[in-house]
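Subject: A structure for you to explore

Hi there,

Here is the structure I promised to pass on to you. Please open it and turn it around for a minute before reading my notes.

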Amino acid sequence: RQTVALYGNEVTVRSSLEAEVLENLVQAGANFKYERDVLLWFSSHKYTPDFTIRTRSGNIIYVETKGWMRSQDRTKMIRVKEYNPDADIRFVFERSTTKIRKNSKTTYAMWARKHGFPYADLVVPGEWLKE
């Protein structure tokens, strides 16, 4: 856990990657919320995206930051997308070239592409904010 100043308030984030993304969004002047929205999946499961961003054109994108993504995290995100087909869910990875398992040839980037999740490394791209 890490504490970051956000508009005069202290916000506790769960990782240094979340802190970096949050600071990047503030510097970019982005309109965003940290862990405020909830998407339901199955009948009673809840998923809280790390960041909810309103783009300059008014679109909503949900951004999940991941340094390490366990098998159950990947499965959950696929299910969340299935139950929320209109939600624009994207990832910011610490390093998208990381393998999903020790001996796997599949990287986080390959997994994200296969399942239709846009992704970036370390920061939310400025292009996303302009959409």
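Below is what I found, going from the whole chain to single residues.

This is a predicted model, in which local features need pLDDT of at least 70 and side-chain atom pairs count only at pLDDT 80 or more, while totals for chains, interfaces and linings use all residues. Residues are numbered from 1 along each chain as its sequence is written, and side-chain values use heavy atoms, with hydrogens and water left out.

**The whole chain**

The chain holds four helices and nine strands; these are DSSP runs numbered from the N terminus, with helices being H or I of at least four residues and strands being E of at least two. Along the sequence their order is β-β-α-β-β-β-β-β-α-β-α-β-α.

The C-alpha trace spans about 45 × 30 × 30 Å along its principal axes.

Of the 131 residues, 44% are buried. Buried means under 20% relative accessible area, exposed means over 50%, and partly exposed lies in between (1.4 Å probe, protein chains only). Among contacts (heavy atoms within 4.5 Å) between residues at least 6 apart in sequence, 49% join residues at least 24 apart.

**Strands side by side**

Which strands does β6 pair with? Strand β6 (residues 51–54) is joined to β3 (residues 31–34) by four bridges, and the two run antiparallel. Strand β6 also pairs in the antiparallel sense with β7 (residues 60–66), over four bridges. Two strands count as paired if DSSP finds at least two bridges between them.

To find these pairings on screen, look for Tyr34 opposite Phe51 in β6, and for Arg54 opposite Ile60 in β7. The hairpin of β6 and β7 has five residues between the strands, and Gly58 there takes a positive phi near 100°.

Is Val63 buried or exposed? Val63, in strand β7, is buried, with a relative accessible area of 0%. Leaving aside neighbours within four places in sequence, Val63 is in contact with several residues, including Phe51, Ile53, Val92 and Trp128. The C-alpha atoms of Val63 and Pro118 are 9.6 Å apart, although 55 residues separate the two along the chain.

Now try Ala28, in the loop between α1 (16–27) and β3. Ala28 is partly exposed, with a relative accessible area of 32%. Beyond neighbours within four places in sequence, Ala28 is in contact with Arg56 and Leu129. From Ala28 to Lys130 is 102 residues in sequence and 11 Å in space, C-alpha to C-alpha.

**A helix with a buried face**

Helix α2 (residues 71–83) has 13 residues and reaches 19 Å from its first C-alpha to its last, close to the expected 18 Å. The expected span is 1.5 Å times one less than the number of residues. Its buried residues are Asp73, Arg74, Met77, Ile78 and Val80. Seen down the axis of α2, these fall within an arc of 160°, so they line one face of the helix. The arc is that of the directions from the helix axis to the C-beta atoms. Among the elements covering the buried residues of α2 are β7, β8 (89–93) and α3 (108–114).

Happy exploring!
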